[in-house]
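Q: Please walk me through the labels attached to this model, and show what each one rests on.

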Amino acid sequence: MLARMKGATLFGLTADIVDVEVDLSMGLPGSSTVGLPDSAVRESRDRIRAAIKNSGYEYPLRKITVNLAPADVRKEGSSLELPVALAILSASGVLKRSHVQDILMVGEISLDGSLRKVRGAMSMILGAKEKGITSVLLPVGNAGEACFVDGMKIHPVHHLTEAVQFLNGERDIEPAKMKVPLGEQGRFRLDFSDVRGQAHAKRAVEVAAAGNHNIILIGPPGSGKTMLARRIPTILPPLTHQEAIETALIYGTASVGGEENALSFSRPFRSPHHSVTSAGLLGGGVNPRPGEITLAHNGVLFLDELTEFPAPLIDSMRQPMEDECIIIARSGRNAKFPCRFMLVAAMNPCPCGYFGDRMRECRCTPLEIKRYLSRISGPMMDRIDIQIEVPSLKYGEINDDGSETEVETSDEIRRRVMVAKSIQFERFKGGMILSNSSMDRNALRRYCQLDPGAKRLLESAMSKLGLSVRAHDRILKVARTIADLEGSDPLRIHHLSEAIQYRILDRSRFFNA
């Protein structure tokens, strides 16, 4: 007897649709799997045997051959266990349908026959949709993320017995529907109103959020750098529907978080420790998985204590930041991961942390300070649009006893950010550019025209500060965002002046110690 089912495996974020074929023949009882299975796929035969028996069915005492096609693609993971089990039951006569080509089946089977959620279900469903498959049978645990794919009938099941009854027409399983995601308002525990003082830093963070600009916060320990960074997601607009699908697909493939990740419209915030490996930050593995830069896609990547990260690791981010994607090459195949994120970094100005502090004296020599700052390469610093100093606060700035007249909340700042974002959306509508930070040279010439006074100011800044061409472009992009926040179409000299002020490492005492 021969039976065929449809399954899927993952490579990166891409799904390979697999034809699962099972043949029962005369011979010594046993099972063999062919078609480049990995160890997890080979080990599943014992688990499948126990699951079939514990579900009340007879395991066939025949020679069982399982073929996974195409044979030249390596099969990894546990997602093929459900289609293999159902194909065995079909070949042995338990299922009335021996060939089910219009249903994708994915799921890991426990010894008692219950189904466990698998990694990357959304990618598999998208791959099945491209192949013309319209129905999916999968574990209940994957139903939340699976419902994000339009035009597919998602049938969630708890147990192998339910799957058999559904395919035999003995049980009707209503297609799952997408749950309504929670609203964005009021979901954050943190708020910008918690931050006292630091008006200049708050303004810089608002500009960065409005144009999706990379930003670095430099200041002594305890000045509020991390506090500011962790509140940036509270002033960003919620994910669009398409961005939510992209984020859910990435998190489902990486097996990070639970079902709530698939239903969240909040922007990701990733904060890896400086001990993170190259594979952990950029992605990698035998079967490539996304790293932190991909998990931060459509959100924020926060690197605290930037100078503690290995310099080669930081420099390895330069190309992915430019391309907004990273390609991980493996033998015969390449895995492509998106990584469009807002980089937020924080660092001390010197090894002791108090260079330039108005309250504590720095113990570092000028050579130590330069050596410390040189851990971040010039090309990497050029890719950071906004470089801002966050000074330590005095007692009166921290404890104002409620006398501070105006403390803006995250909602108030977010409203201004969303207005600036809407201006950029209309400006770049229909193109590949999504924000001011992504403008190319043609867009800069078109949307960043300077009057004679502004040109003279920029020329003077380039000459005195020794700015690179990339830094010149970054200044124009930031100035464009400042003008958008003001609702101004032309770039004025004060927009450019403020943007130049955000290049502290180019213009300040840090490199002149």
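A: Happy to! Two strands are said to pair if DSSP finds at least two bridges between them. The strands (E, at least two residues) and helices (H or I, at least four) are themselves DSSP runs, numbered from the N terminus. This is a predicted model, so local features need pLDDT of at least 70 and side-chain atom pairs count only at pLDDT 80 or more, while totals for chains, interfaces and linings use all residues. Residues are numbered from 1 along each chain as its sequence is written, and side-chain values use heavy atoms, leaving out hydrogens and water.

Q: What makes the seven strands an open sheet with edges?
A: The order is E3-E4-E2-E1-E5-E8-E9, with mixed pairing. At its ends stand E3 (30-34) and E9 (153-157), each with a single partner strand, so one side of each has no neighbour in the sheet. From one strand to the next, the twist averages 30°.

Q: How do you know that E2 and E4 pair?
A: Seven bridges link E2 (residues 14-25) and E4 (residues 63-69) in the antiparallel sense; pairing asks for at least two, so the label holds. Ser 25 stands opposite Lys 63 in E4.

Q: Which bridges tie E5 into the sheet?
A: E5 (residues 99-105) runs parallel to E1 (residues 2-11), joined by two bridges. There, Arg 4 has His 99 as its bridge partner. Three bridges join E5 to E8 (residues 135-139), again in parallel, and Leu 104 is partnered by Val 136 in E8.

Q: Why are E11 and E18 called edge strands?
A: They belong to an open sheet of five strands, ordered E11-E14-E17-E10-E18 with parallel pairing. E11 (269-270) and E18 (386-389) each pair on one side only.

Q: What joins E15 and E16?
A: Six bridges join E15 (residues 325-330) to E16 (residues 333-338), and the two run antiparallel. Arg 330 has Arg 333 as its bridge partner in E16. The hairpin has two residues between the strands, and Gly 332 takes a positive phi near 85°.

Q: Which residues make the contact of H6 with H20?
A: With contact meaning heavy atoms within 4.5 Å, Arg 203, Glu 206, Val 207, Ala 210 and Gly 211 in H6 meet Val 478, Thr 481, Ile 482 and Leu 485 in H20. These divide into five nonpolar, two polar and two charged. Here Ala, Val, Leu, Ile, Met, Phe, Trp, Tyr, Cys and Pro count as nonpolar, Asp, Glu, Lys and Arg as charged, and the others, Gly among them, as polar.

Q: How many cavities does the rule give?
A: One of 30 Å³ or more. A cavity is a set of points on a 1 Å grid, over the protein atoms alone, where a 1.4 Å probe fits but cannot get out; its lining residues have an atom within 4 Å of a point. The largest cavity has a volume of about 80 Å³, taken as the space filled by probe spheres set on the points, which are joined across faces, edges and corners.

Q: Which elements give two or more residues to the lining of the largest cavity?
A: They are E3, H1 (39-54), E4 and H2 (81-91). H1 gives the most, with four residues. Among the lining residues are Ser 31, Val 41, Arg 45, Leu 68 and Ile 88. By class, the lining has seven nonpolar, three polar and one charged residues.

Q: What makes the bond from Ala 69 to Pro 70 stand out, and where is Pro 70?
A: This peptide bond is cis, with omega near 5°. Pro 70 sits in the loop between E4 and H2. In the loop between E3 and H1, Leu 36 has a positive phi near 55°, though it is not a glycine.

Methods:
Axes fitted to C-alpha atoms, helices over the stretch in contact; angles between N-to-C directions. 1 Å grid on protein atoms, 1.4 Å probe; cavity = no way out; pocket = protein on both sides within 12 Å on 5 of 7 lines; lining within 4 Å.
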